[in-house]
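Please look over the sequence and the model first.

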Amino acid sequence: MSEVSPKKRSRKDMISNSDPRWCPGCGDYSVFKSFTNTLASLEKKHEDILIISGIGCSSRLPYYASTYGFHTVHGRAPSFAVGAKMSNPELSVWVVTGDGDALSIGGNHFMHLVRRNADINVLLFNNNIYGLTKGQASPTSAKGTVTKSSPYGSLEAPVNPLALAHAAGATFTSRVTDTNGKLMKAVFDEAAAHKGTSIIEILVNCPIFHDGVHHWMNQRGVKDEKSSILEHGKPIIFGAEKKKGLRLNGFKIEEVVIGENGVTEDDIIVHDETSAELSSMLANLKHPEFPVPLGVLRRTESIPYEQYAMDIEKDQVKKKGGHSISDLLTSGDTWQI
Amino acid sequence: MLDCGGGALKGCVIDYFLLKYWYDRHKFATLQSYFIGVHSIMDENLNNSGSASSSGSQIPSKEIPTITIRFAGDSGDGMQLAGDRFANLSAVFGNDVLTFSDFPAEIRAPAGTVAGVSGYQLRLGESEIHTPGDQVDVLVVMNPACLKANLDKIRAGGLLIANSDAFTEKVCLKLGLSESPLTDGSLDRFQVVPVSIDDLTARAVEELGFTKGQSLKFRNFCALGLICWLLSRPTDTVFSWIEKKFAKKPEIIDANKKAFQAGFNYGDITDSFVETFAVKPVEKREKGTYRYINGSKALAYGLLAACEKSNLRLFMGGYPITPASDILHELSHHRNFPISVLQAEDEIAAIGAAIGASYAGSLGVTATSGPGLALKQEALNLAVITELPLVVINVQRGGPSTGLPTKTEQSDLLQTMYGRNGDSPVVVLAARSAGECFEVAYEACRIAVKYMTPVVVLSDGSIANGSEPWKIPDVSSYEDFDIPLPTQARGEFLPYKRREATGAREWASPGMEGFQHRIGGLEKDDLTGEVSYDPANHQKMTDQRHKKIETVSQEISKTEIYGNEKADILVLGWGSTYGAIKESVDGLNRDGHSVAGCHLRFINPLPADLSSVLSNYKKVLVPENNCGQLAMILRSKFGLHIESFSKVQGLPFQVEELKNKIRSKMEGKS
């Protein structure tokens, strides 16, 4: 393998001969475009990139990229990813999953992936529905969603993936939407650079089974009012005129207008990616009352799991002077015949 | 007449009564000559501070070819430890040893209950033995519950050593025994020797500052000391082991040593026993270096041997489950080998990580028991269709469901063969003994890589926890790994193009330039590996997957028959039934009958010559610790009439019951 820095790649270098088979209008196309842009510009050799998916529409993605890819089983992609990463820490490992795959059957693995904090990037395509199996309610569907399996409306409250991730001790959480390619590319790049488990919740549209579920916050005309792109160190501001902001009042966050009621820019919360408390509050904001925070919510110091594991190995090799099976077999009580 | 040393007068008085009891019952030696014996022994041993000795004993030592001993106490009493130490030092001494642990699933069941009884059985032999013994010759019971639980195991005339301190009237009656079973003659058919183990231990460690209650935790060493004396064992290895194990707690070292000494001396001093026993070391053993090993350790070491020999990284994905956890524990200690060890969040994550690691170029391994295998099947199936090297170890236990976690069984064979959706063949190997686990683990790894296939290794609780002496092999003589690295041109890689000799596809891993490809659980085109639903392709791939597993039969050596090859009846087994079957077949042949025996290591594929071998016999009997699973497979594959002898009790076969069954079959009875 050559030691020179990897030659420049274009997005076309990251695409395989298999044309994507997502439905026309599916948000996955847009995500795929930004994702392959990120992969092209990654400071990693092409052969060191590995995409691992579970089961679902979004999980078909590996076949459409020209990298090494593994389409595994429903909900368990994080497990395969951890094994691969521990096996070869040089790899750039990406998990592609969905709201059903990661939060229903895969909920357990999702939690432990975050807790383990191996250097793996998770693209969680969240369309609030089970698309591949033709439209059942998912763990992120709003309560009361009418589907084939919930004709009288779903009965469960949805789960919040970023809040879950925070509770498990996530070191990098973020949210993007399929309508903003530039933001997606920027956040995917940041996730790749972060040395730990990076969770990226991608709000995606399923035009066939749950069309428009995110349109209240990401379409032209509403996105300025209903979403806010966070930037570390900058006040959380939104609105068409950039006059609205989020302010902390006791333990509550409230929406205020700069210039009204004596509110100045100094009153607005300055985003702090390193604050566990703030990132949790932002992840837990109620919608549609509040704008949806986009960009990086949390980013903290992190030593990835596989590094700890490698340190133990290095230490043990040093202490025991390498390995020898014949030495091991003859250690302890032996006798001669 | 009673000229004992001052401080031992009390001991002498007690001994007198015990002896009187013995004398009255056995009427063997004159009391006078007996006491002279006691006197001289006591003087000698009271001055002893180093390792115990029994010089000067006037008790006859009887040489015997084999003996079966069982230690029984409450779980948490240390009986497993005592038994294990005794077996170990006997192995080092040179006997053939086989052990069998019989303990409940609970960590510490209520003291004094039958459910909480933990037993450790071992058998010593001066020649090769194959089972840990049917009936017990020497039973050590720490309390009445142990007696009740094990009464059916001790042979008539066997030696019953009971911790008399625990045999209170109340407890005995509560358990349904007589008031004082040790003295009222109700156990007349055995040689009963009551020993105040608790009291002996308490007095021995008193000077170290332990209270009566605290002293109880050392009584397992007291029992061990007594048995060491009874079997004329050299004891220096026990003391050095105690010193090493408890190096950080010197007061524990002293207490254990003193308790051990008290037990040893008791046997020596009191002459509570008619005789001691001596089992000679095995004479005709293959030359080499030996060690003592149990199945779990042997499996783990076999994996490490494969890791080193293949130059591959090993990845162990594990999850705690009885009785497989020890494999995970053992591997986690050897991080100086190029291995990754992950205790995953569940069984599925464990195998998932192993498969992910295999995709990334390591040799993935996972170990579990029956319930865990059930969980792993979906992921195992992914490894089948993606044709990645994977070793799945199933240490079988009593089922179904949670079943009997600490009891042995071999009832996962059908689950292993057929428990996945679709037509999904895997290679299946079974280990027959603790020591053999090493070679089976190595072979499993070698075959998994050579053929790019999952291999399931079947072991069971009796092998995992059972120990035996084992000749350390020369790993450098083991067959090399054949790793199917890509030979195709870069940029034109066909992930499913197969090698002729094995049917294996090539192993290209992330990091290898020019071999990028995608694989997954969907059916795939037979060369490009692209997703394919084409009907003819699916048939072709199904056939290719089956053919590849059949091709593994070229790794199987000619089927060996032992015993009388020309007999009318063949007794065929797999897994841990080996010992009992071998002893039965050998025993029957020695008695003048004619029986053939055969034991399988490969269950899938079966040996190519097996069908014709079986056809040579008028009767084929398959004893199994399940409802006849191998028998079912053989019938369906060969269309032959196979007889099944099934025992599903969480216990291994006994030699006697097998011999009876074989004889019965030979006579045309059921």
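## Basis

This is a predicted model, in which local features need pLDDT of at least 70 and side-chain atom pairs count only at pLDDT 80 or more, while totals for chains, interfaces and linings use all residues. Residues are numbered from 1 along each chain as its sequence is written, chains are lettered from A and ligands numbered from 1 in the order in which they are written, and side-chain values use heavy atoms, with hydrogens and water left out.

Helices (H or I, at least four residues) and strands (E, at least two) are DSSP runs, numbered from the N terminus.

## Strand β15 of chain B

Strand β15 of chain B spans residues 454–460, and seven of its seven residues are buried, that is, under 20% relative accessible area with a 1.4 Å probe and protein chains only. In a regular strand the side chains alternate between the two faces of the sheet. Here B:P454, B:V456, B:L458 and B:D460 point one way, and B:V455, B:V457 and B:S459 point the other way.

Two strands pair if DSSP finds at least two bridges between them. Strand β13 (residues 390–396) of chain B runs parallel to β15(B) and is joined to β15(B) by seven bridges; B:V395 has B:S459 as its bridge partner. Strand β14 (residues 427–430) of chain B is also parallel to β15(B), with four bridges, and B:A430 lies opposite B:L458. From β14(B) the chain passes through helix α16 (residues 436–451) to β15(B) in a right-handed β-α-β crossover (clockwise from the first strand over the helix to the second, with the strands pointing away from the viewer).

## Contact between chains A and B

Contact (heavy atoms within 4.5 Å) links 68 residues of chain B with 55 residues of chain A. The two chains bury about 5200 Å² between them, 60% of it on carbon and sulfur atoms; this is the accessible area (1.4 Å probe) lost on being put together, summed over both.

There are two salt bridges between the chains, each a side-chain nitrogen of Lys or Arg within 4 Å of a carboxyl oxygen of Asp or Glu. One of them joins A:E313 and B:R313, with the closest N and O atoms 2.8 Å apart. On the side of chain B that touches chain A, the largest share, eight residues, comes from α13(B).

## A mixed sheet in chain B

Five strands of chain B form an open sheet with mixed pairing, in the order β18-β20-β19-β22-β23. Its edge strands are β18 (562–563) and β23 (643–646), each pairing on one side only. Two bridges join β18(B) to β20 (residues 595–600) in the antiparallel sense, and B:G563 is opposite B:A596.

Technical notes. Buried < 20%, exposed > 50% of the residue type's maximum accessible area, 1.4 Å probe, protein only.
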